[in-house]
Amino acid sequence: VPSFNQSIFHPTVFFLTGIPGFEAYHAWVFIPFCCLYVIAISGNGMILFVIITESSLHEPMYYFLSVLSFSDLGLCLSTLVTMVGIFWFNVREISFDACIGQMFFIHGFTLMESSVLLAMAFDRYIAICNPLRYATILTNSAIIKVGFAIVVRVTTVVVPLLLLLKRLSFCGSHVLHHSYCFHPDVMKLSCTDTRINSAFGLAIVISTAALDSVLILLSYVLIIRSVLSIASSEEQKKAFGTCVSHTSAVAIFYIPTISLSLVHRFGKHAPPLVHTLIANVYLLIPPVMNPIIYSVKTKQIRKAMVKIFLSKLI
């Protein structure tokens, strides 16, 4: 493990951290991480391929699912290089500009995923509470507008956040707590006033993840109220069954995201290992679990995968 003498480091170079206390076993520790990366990349790639090639899946729900898989895929690929460099080649240095670039993709794809989950909640609300108007509300042009709005939202939120970070000076420790660049982690290393950055970051969390989660919760309250008004228990079961995949994806995304935010804001005295483990859970669990959930719980996706697999065999 290199000795991190703070006085000899160039201020625009950071040092990423692997698993504290397991530096001698990083090559072995990364094997399960490598397996998770393979599952996440292949699973989300398969979901994208199936939705693009299967015409029966060209519907609003699956368009949103394809964007969800795209954001999960982007999140994995944006950190793969630094993770491999740390665990297999002990390359921990990352320049400030490269760190800013990685943060753009990590925070951008995270915000995109939150936005898509909100759009999918709206899709389920319309499909269950107002099914007769579903086709007229969620038209192709409406979906394109939603996609454009997500891109604009990501750009207008993430770019100012990183521009504010670039104005800071870093004259203290340059050792990050994670295996990738994460805005709160980098901001804490600054030796200048970060109150504006911290306030802006908190405002972003409230106006994006917090707002999205509240709106998703509200949509499901309306969905539950509508479903309970259905007389037939069989119809109720069918309606709730269409929401299982989405609710699972929401839980898998927001629980690690909220946990990581809380650790950064209130876990200053928590052991470094806690920061690292929660950061890796936040990074890998949603991209790994989402393809599994949707391929198992969504009949149309499962049938399309089997169809493509059998056609390749034949």
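## Helical spans, salt bridges and a nonpolar patch

Modeller: In residues 199-223 the end C-alpha atoms lie 35 Å apart, and the span is 100% helix and 0% strand, where helices (H or I, at least four residues) and strands (E, at least two) are DSSP runs numbered from the N terminus. This is a predicted model, in which local features need pLDDT of at least 70 and side-chain atom pairs count only at pLDDT 80 or more, while totals for chains, interfaces and linings use all residues. Residues are numbered from 1 along each chain as its sequence is written, and side-chain values use heavy atoms, with hydrogens and water left out.

Colleague: Which residues does the UniProt annotation "transmembrane region" cover?

Modeller: According to the unreviewed UniProt entry, the annotation covers several stretches, including 100-122 and 199-223, although such annotations may be inferred rather than shown by experiment. For residues 100-122, the end C-alpha atoms are 33 Å apart and the span is 100% helix and 0% strand.

Colleague: What makes the contact of E54 and K307 a salt bridge?

Modeller: The N to O distance between the side chains of E54 and K307 is 3.2 Å, which meets the definition (a side-chain nitrogen of Lys or Arg within 4 Å of a carboxyl oxygen of Asp or Glu). This pair links distant parts of the chain, with E54 in the loop between α1 and α2 (60-89) and K307 in helix α11 (residues 299-313), 253 residues apart. A search of the whole structure finds five salt bridges, and among them is the pair D123 and R124, at 2.8 Å from N to O.

Colleague: Why is E54 called buried?

Modeller: E54 has a relative accessible area of 11%, and buried means under 20%, exposed over 50% and partly exposed in between (1.4 Å probe, protein chains only), so E54 counts as buried. By that scale D123, at 1%, is buried, as is R124 at 9%.

Colleague: How do you know whether K166 is buried, partly exposed or exposed?

Modeller: K166 has a relative accessible area of 41%, and therefore counts as partly exposed. Its salt-bridge partner D97, with closest N and O atoms 3.2 Å from those of K166, is exposed at 55%.

Colleague: What makes the nonpolar surface patch?

Modeller: The patch, of about 630 Å², is made by F22, Y25, W28, I31, L273 and L277, and α1 (26-53) and α10 (272-297) each supply at least two of its residues. Patch residues have over 30% relative accessible area and no salt bridge, with like charges joined within 9 Å and nonpolar side chains (Val, Leu, Ile, Met, Phe, Trp, Tyr) within 5 Å. W28, found in helix α1, counts as exposed because its relative accessibility is 65%.

Notes: Accessible areas come from the Shrake-Rupley method with a 1.4 Å probe; for residues, only the protein chains shown count as cover.
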